[in-house]
Each structure stands twice: as C-alpha cells, then as structure tokens.
Amino acid sequence: MQPETDRYLTLDAMRGFAVMGILAMNIVAFSMPEWAYVTPRAYGGLSADNQASWIFSFIFIDGKM
C-alpha cells in the first residue's frame with residue numbers, strides 16, 4: 001500500500017485548465033487548414049460566430065497554454 005501524499009489541488013486545476021486549452025487549439029490544427037490559426041477566413045467564412053470563436057481563442061488561448 002502506498003502512503004497517501006498531499007496534492008496541491010490548485011496546481012492540479014491549473015494543469016487541467018492548460019491541457020483543455022491545448023486540446024482546444026489542437027482541434028483547430030487537426031480539423032482545419034494551417035491558416036485557420038491566422039485568419040478565420042481560411043475556413044468557415046466571416047460569420048459572426050466564426051469571428052467570435054477565432055477572436056476568443058486568439059486572445060485567451062493561443063500561446064498561453
């Protein structure tokens with residue numbers, strides 16, 4: 001039986017949040033052309049939904065996870 005170790009829940013939560021952000025950006029990489037990172041025009045057009053999701057990922061996720 002292994003001894004119980006103390007876990008840092010905050011650190012575990014931050015790691016989990018970072019992994020989910022990496023997954024969100026990898027979904028773009030796996031499903032769309034490479035230019036989808038640069039502009040929403042590369043895939044899906046310029047609808048308000050596409051622009052909003054691209055702006056959100058560019059500001060809050062890209063390069064931060």
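## Terms and basis

In what follows, a residue is called buried when its relative accessible area is under 20%, exposed when that area is over 50%, and partly exposed in between, with a 1.4 Å probe and protein chains only. Arg7, for instance, counts as exposed because its relative accessibility is 56%.

The model is predicted, and local features need a pLDDT of at least 70, side-chain atom pairs count only at pLDDT 80 or more, and totals for chains, interfaces and linings use all residues. Residues are numbered from 1 along each chain as its sequence is written, while side-chain values use heavy atoms, with hydrogens and water left out.

## Salt bridges

A salt bridge is taken here as a side-chain nitrogen of Lys or Arg within 4 Å of a carboxyl oxygen of Asp or Glu, and by this rule the count is two. One of them pairs Asp12 with Arg7, with 2.9 Å between the closest N and O atoms; the other pairs Asp12 with Arg15, where the corresponding distance is 3.6 Å.

Helices (H or I, at least four residues) and strands (E, at least two) are DSSP runs, numbered from the N terminus. Asp12 and Arg15 are three residues apart in helix H1, which covers residues 9-31, so they are separated by about one helical turn. Asp12 is partly exposed, because its relative accessibility is 25%, and Arg15 is likewise partly exposed, with a relative accessible area of 49%.

## The largest pocket

A pocket is found on a 1 Å grid over the protein atoms alone, as an open set of points where a 1.4 Å probe fits, with protein on both sides within 12 Å along at least five of seven lines; its lining residues have an atom within 4 Å of a point. The largest pocket has a volume of about 290 Å³, a volume being the space filled by probe spheres set on the points, which are joined across faces, edges and corners.

Eighteen residues line the largest pocket, and Val28, Met32, Ser53, Trp54 and Ser57 lie nearest its centre. H1 and helix H2 (48-60) each supply at least two residues of this lining, and H2 gives the largest share, six residues. By class, the lining holds twelve nonpolar, five polar and one charged residues, where Ala, Val, Leu, Ile, Met, Phe, Trp, Tyr, Cys and Pro count as nonpolar, Asp, Glu, Lys and Arg as charged, and the others, Gly among them, as polar.

## A nonpolar surface patch

Ile55, Phe56, Phe58, Ile59 and Phe60 form a nonpolar patch on the surface, with about 510 Å² of accessible area together. Such a patch joins nonpolar side chains (Val, Leu, Ile, Met, Phe, Trp, Tyr) within 5 Å, from residues with over 30% relative accessible area and no salt bridge, and the areas come from the Shrake-Rupley method with a 1.4 Å probe. Ile59 lies in helix H2 and is partly exposed, at 43% relative accessibility.

## The loop between the helices

Ala36 is found in the loop between H1 and H2, where it counts as buried because its relative accessibility is 6%. The C-alpha atoms of Ala36 and Trp54 are separated by 8.6 Å, although these residues are 18 apart along the chain.

Thr39 is also in the loop between H1 and H2 and is partly exposed, at 24%; Thr39 and Asn50 are eleven residues apart in sequence and 10 Å apart in space, C-alpha to C-alpha. Ser47, found in the loop between H1 and H2, is partly exposed at 35% relative accessibility, and its C-alpha is 18 Å from that of Ser31, 16 residues away in sequence.

Conventions. Patch = residues over 30% accessible without salt bridge, like charges linked within 9 Å, V, L, I, M, F, W, Y side chains within 5 Å.
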